[in-house]
Amino acid sequence: MAGRPRFLCGVVEGFYGRPWSMEQRKLLFQWLKRWGLNCYMYAPKDELKHRLLWREPYTEHEAACMQSLIEAAQEQGVEFVFAISAGQDMVFSSAGDRLLLQQKLRQVAAMGCHSFALLFDDIDPCMCQADRDVFPSLAQAQASVANEVYRELDQPSIFLFCPTEYCSSLCSPSPSQSCYLLTLGQELLPGISVIWTGPKVVSQELSATLLEEVEGVLQRRPIIWDNLYANDYDCRRVFLGPYTGRAPGLMPRLRGLLLNPNCELQANFIPIHTLGSWFRSELGSCAHSDHAGKETAAALGDSQGPQEGSYSPQEALELALHDWVAEINRQALEPGRTPGQPSISLKGGTRLQPSTAGGQEVMPDAQPHDSVPSVADQDGPEPCSVAPGEGRKKVTSEPEKGSESRTPTGGRQSPTGDGDQLTTGSRESCEPSSALPSTAGSAQSTGTSVATETLHSPGPPMCCSNGANTSQNLPLPTSDARTGGGSSPQPPSSTQTEVSRADMPPKPPGPGACTSPGPPAPLTDEVGASPGPTAPLTPEETGSSPMALLTLEEAGSGPTVLLTPKEARTSPTAPLTPEEARFSPMASLTLGEVQMLVELFYLPYHHGPLAQHLLEHFRWLRANSLSVGVPATAPDDCEGMQWRGRAQSFQLLCAQTCRLHSHFVSSASRALLYDLHPYLWDIRNMLLAASAFVLWLDGHLLCDPDPKGTWGSCFGWCQSITAPILLGGDAEPWARRGGLFGELQALLPVGNSCDLFCHPPPLFPSSQLYLLHPLLPPDKGELYRMCQESLNCDPKVAEILAAYPDLLGDRLLGSFLSLSPEYTFVLEDEGGPCGYAAGALCAEGFLQQRDSSWLPAMRHKYPRDLGAGAPALGQDALEEALLFFHTEPPAVPLPVLRRFPSLVQLGTAPRVLDVGASRSLAICLLSALRANGSRGVFCQVSAADQQQLSFYSKLGFVALPVAWGISPGARLLGRLL
């Protein structure tokens, strides 16, 4: 060929899981053109006719869809590379298989495709006997097939080959000594380019030195398949940070670089945007040394941003953030929707089934809708972008490192179209699913009816509303859902919809906000990594901390201050609440909020500043928690005051992130919401639990000098089985399961049981704002009122309850609030308390005290004949409560008390629709009991209550083979901690 072929830079759709829809791919082509990228490779692992059924030709309809896609790429100036994975079951020596492969590729070539790829990655390296009889090695068999296909297609200018050993870690013993790679280098025709991922499947760095070695072995410059952002190996991780970890000056050593991104298309705006910045920077560097060949001048002509000097990930991130904010807020302007209205409007007045500790999914009325983001979502005009050099400031930092992987596990996916998608394989969800009854109601906003927007699940229906209400066999009865009584709208104090200054983005609200994305923090390999157990912040560190820790005077010597719901709603450190957003002209997501989102989900090997601050605070608070334990130290102890100051800062950060979740649900477009909400929902739930647990530590942690059952031994026990956190730095990122979510959960006393808290995200996201905290003195009355308001009853029963307003509250919660208040947590929404989790550390002593002193007092307070009368609505609940007070309780079997020494009980109001809030309640309570030495818990449920049984089973509870209770249908469930 005359001259050097152009450098390919773009995206490969090469992940496992649900493929993108045709409309999503066409949106991707627009992005590629906008940011100066030039290539797209079609290689979705779970598209049936790409891999599993590769021999089958496309049907007429499928061929028309594929041709439309190829033409759409060409219209945007994007090179379309069609890839096929035939290596799983191909017989290389079979003339029939070779013919079928060639026919398949000729069919695609007839559609207008000129570039192709053969992929032999992630297959068994052993050949069948028929192939071993013909070929001396796998490399020669694959090279023979590739060369034949290459010639059959008239030697296209772009023909890629992915080897089975596609990274250094898969080579034996090394790339330079791999017989497989050496043979490929010798046998493959010179016009065939070879794909390479770097030192690992997910390479933390790419350097010219390493690529030199590969080029020497393959006798050609490789093309990089970059897994930096692929998240198909962990359904709890998504990566939104800037493209980084690739040394400057790589282009002369490469044929091209294709990014294998997040499974969720909308999550890839910043990754692809910053890839474009990297490409332009590399082109600019090559232009001066005349290495870029034919395309340099043309590619530089239409690009944005800096074009000279080395690539700066932070500078590229700032530019991408500005553009993404504009894009997000443009997409939010869907037909019939204005900024500030939630993407999903749940209709009010819902009636739920009783006993719903896990909440229920609410199904809106059926109406015409689309299951994919509308064309208005995706194909509208380009957003207003920041001019080159405008709205940015120079940020110097060390390059971050990160990469991703191709492993056969599916991540969360965005919705795809029904009519334009090629036949795809089934994809199992990474979470268990269940179906529960659903209801519909009506919703209104400011007196005007709001049309409900229905959304389709990206996969099979995943209703996760499983629940439990009480361990004493009395459900919270059903009533009309109580509407949330939010505070009156207030003007925002710290959030903005636009950049106020061209050279500096606004700070994210709250402590820990940064004026610009700071240097990334590498993932640690130790649960208790810095700061150390006995390393409190120095005064200098306190004053300079970006988290703005409270001073000792501000913290005081009392317990950690809890934000009340009213304070949380009006706090200037947090984004707007849904109520404020609906009435605010500044309801769109701000630059600061989008930056927070990126910092929570940064890169596989690095946390963003916000995520790192959360982890550092939680680690330090955990390591120094004995300074606020029981028995308490001196009231003026500086360590205790410092601990409380840092706990307050951690609480504010958690509240800030919870508000981000609420505002995101209210403001994001449907496409963006479906792609990113599951990840943000997970973090929100974990921070609800972590924040409440930190509040509980102050004054409730037992400082027993006996090492058995103490806080220190608890965490030593947790660390010993949290293997992914303890792996070395050479581990692939899938070894660190869960990212920020997994590291936060590993810091809890029950963190080893991360897989026991798996609930699918809600099918219909809710912007409801929740607070979770230990029991406070005013909470008793509110909880009792919640119990009574939850009961639909006849006027006669209501009259009795009016005379005895504490009856239902005493039945459900009275014994715990009187005898074990230190193990009670309260869930609040904007209407007040809406759930509780109560427990007793020593169930044996608790039950003895209940039977000997508390129950006699209840018998005196509530006469036995109080519930006598004709059957009426609510009469059964009244009679059950009185029966509980006046019947001698059965003894819990001694083996149960020895193996499961603690008693727990959970309950939520019917209006709690979010199973994540109930899960957070459970995590708090179990963590508190485990921290003070409990090794097991039990509860009682009715055998007929399937919602309770399902909810507790997902928390790791199992039915115990013993009978207990007044009713033969009562069951004991137990769980080891």
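Modeller: In this predicted model, helix 21, residues 739-746, is mostly covered, with eight of its eight residues buried. The buried residues are Gly739, Leu740, Phe741, Gly742, Glu743, Leu744, Gln745 and Ala746. Here "buried" means a relative accessible area under 20%. What do the buried residues of helix 21 pack against? They pack against helix 16, strand 12 (606-607), helix 17 (609-623), helix 19 (670-700) and helix 28 (915-931).

Two packed helices are described by the angle between their axes and the distance between the axes. Helix 16 spans residues 591-600 and packs with helix 10 (residues 313-331) at an angle of about 115°, the two axes lying 10 Å apart. Helix 10 and helix 16 are therefore roughly perpendicular to each other, and their crossing is right-handed. On the side of helix 10, the contact is made by Leu317, Leu321, His322, Trp324, Val325 and Ile328. Helix 16 contributes Leu591, Val594, Gln595, Leu597 and Val598 to this contact.

Helix 16 also meets helix 18, which covers residues 638-667. The axes of this pair come within 11 Å and cross at roughly 115°, which means that helix 16 is roughly perpendicular to helix 18. The crossing of helix 16 and helix 18 is left-handed, whereas that of helix 10 and helix 16 is right-handed. Glu593, Met596, Leu597 and Leu600 are the residues of helix 16 that meet helix 18. Their counterparts in helix 18 are Gln656, Thr657, Leu660, His663 and Phe664.

Strand 18 is antiparallel to strand 19 (residues 970-976), and two bridges link the pair. Within this pairing, Gly974 of strand 19 is the bridge partner of Val958.

Pro774 has Phe825 of strand 14 as its bridge partner. Strand 14 and strand 15 are likewise antiparallel, and six bridges connect them; they form a hairpin with two residues between them. In that pairing, Phe825 stands opposite Ala837 of strand 15.

Why is strand 14 described as largely enclosed by the rest of the structure? Six of its six residues are buried, so the description applies to strand 14. Thr824, Val826 and Glu828 point one way from the strand, while Phe825, Leu827 and Asp829 point the other way, and all are buried.

A separate sheet is a closed barrel of eight strands, running 1-2-3-4-5-6-7-8 with parallel pairing. Its neighbouring strands are turned by 25° against each other on average, direction ignored. Strand 6 (residues 193-196) and strand 7 (residues 223-226) pair in the parallel sense through two bridges, and Trp196 stands opposite Ile224 in strand 7.

A final point concerns the cysteines. A disulfide is a covalent bond between the sulfur atoms of two cysteines. A search of the whole structure finds zero disulfides. For Cys171, the closest cysteine sulfur is that of Cys167, and the separation of 6.7 Å is too far for a bond; the cut-off for a disulfide is within 2.5 Å. Cys171 is buried, at 6% relative accessible area. Cys235 is buried too, with a value of 14%.

Key
Residues numbered from 1 in each chain as written. Predicted model: local features only at pLDDT ≥ 70, side-chain atom pairs only at ≥ 80, totals over all residues. Heavy atoms only, no water. Pairing = 2+ DSSP bridges. Helix = DSSP H or I, 4+ residues; strand = E, 2+ residues; numbered from the N terminus. Buried < 20%, exposed > 50% of the residue type's maximum accessible area, 1.4 Å probe, protein only. Axes fitted to C-alpha atoms, helices over the stretch in contact; angles between N-to-C directions. Parallel < 35°, antiparallel > 145°, perpendicular 65-115°, else oblique. Left-handed = near helix turned anticlockwise from the far one by under 90°. Contact = heavy atoms within 4.5 Å.
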